[in-house]
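Colleague: Could you walk me through this one before I set anything up? I'd like to go strand by strand and then look at the packing.

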Amino acid sequence: MTCVQLSLPYHDERRTPGVAFARELACENLGLTIQANRQAVLDARACVSWLEREEYARIGIVGVSIGASIASIVTAIDTRVATAALLLMADDFADVVWTGSATRHVRASLERKFTLAQVHAAWSIISPASHAARLSARLKRLLIVSGALDTVFLPALTSTYVERLRGLGLHPTWIRYGCGHYTLGLPFYAAPCFLRTLAHLRATL
């Protein structure tokens with residue numbers, strides 16, 4: 001199995017000089033957030049095109065955190081992606097920003113000008129919830145991993161997404177670990193998560 005890692009916009013070497021984290025993917029600028037997430041989707045699909053040119057015929061995608069949101073959209077709209085594993089996933093983009101511990105500063109800024117309903121409407125295009133019907137129509141199996149103690153993507157938001165998919169006829173395998181958003185990377189949780197993800201990919205590709 002070959003793995004290609006994609007650095008999302010504003011991550012790693014694509015980071016804005018002087019900015020310590022990829023804040024542009026979820027920021028108080030509604031339009032920039034949409035543009036950055038759209039670019040992430042385009043980048044992922046370009047990666048799929050490259051893999052096709054390299055003669056890889058069975059392609060799956062694994063996304064983590066905001067990467068899981070991107071992966072769900074890519075899988076929903078690109079028929080070349082045969083399977084997906086969404087690690088640390090939530091239903092609605094705006095709800096994540098509004099309730100997450102990592103984006104309190106974004107909410108504080110947005111609240112000065114917008115209501116949550118307005119943010120929902122603006123960001124619906126980049127919300128996994130908006131693409132759930134197409135995703136459910138495409139896949140027979142899906143893996144979702146979440147942390148029971150996650151304060152960035154609240155467990156209730158993952159549950160809402162799982163229930164949405166079930167209502168649309170897709171019954172994902174949902175694995176919950178007793179960790180938070182960032183502690184999923186600790187060996188105690190990362191090792192079983194890796195093995196479950198690998199098993200899912202092998203079974204569905």
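Colleague: How many bridges join S2 to strand S3?
Modeller: Three bridges join S2 to S3 (residues 143–147), and the two strands run parallel; strands count as paired here if DSSP finds at least two bridges between them. Within that pair, Ala85 stands opposite Leu143 in S3. Bear in mind that this is a predicted model, in which local features need pLDDT of at least 70 and side-chain atom pairs count only at pLDDT 80 or more, while totals for chains, interfaces and linings use all residues. Residues are numbered from 1 along each chain as its sequence is written, and side-chain values use heavy atoms, with hydrogens and water left out.

Colleague: And which strand do six bridges join to S2?
Modeller: That is S1 (residues 59–64), which runs parallel to S2, with Gly60 standing opposite Thr83 in S2. Between S1 and S2 the chain passes through helix H2 (residues 66–77), making a right-handed β-α-β crossover, that is, with the strands pointing away from the viewer, the path from the first strand over the helix to the second runs clockwise. Helices (H or I, at least four residues) and strands (E, at least two) are DSSP runs numbered from the N terminus.

Colleague: Is S2 mostly covered or uncovered?
Modeller: Strand S2 (residues 81–87) is mostly covered, with six of its seven residues buried, where buried means under 20% relative accessible area and exposed over 50%, with partly exposed in between (1.4 Å probe, protein chains only).

Colleague: Switching to helix H8, which of its residues are buried?
Modeller: Tyr189, Cys193, Thr197, Leu198, His200, Leu201 and Thr204 are buried in H8. Seen down the axis of H8, they fall within an arc of 160°, so they line one face of the helix; the arc is taken from the directions from the helix axis to the C-beta atoms. The face turned away from that buried side carries the exposed residues Pro187, Phe188, Leu195 and Arg202.

Colleague: What do the buried ones pack against?
Modeller: The buried residues of H8 pack against S1, S2, S3 and strand S4 (173–177). Thr197, for instance, has a relative accessible area of 8% and is in contact (heavy atoms within 4.5 Å) with Val62, Ala85, Leu87 and Leu143, leaving aside its neighbours within four places in sequence.

Colleague: What about Leu142, which residues does it touch?
Modeller: Not counting residues up to four places away in sequence, Leu142 touches Ala84, Leu86, Leu135, Leu165, Leu170, Pro172, Thr173 and His200.
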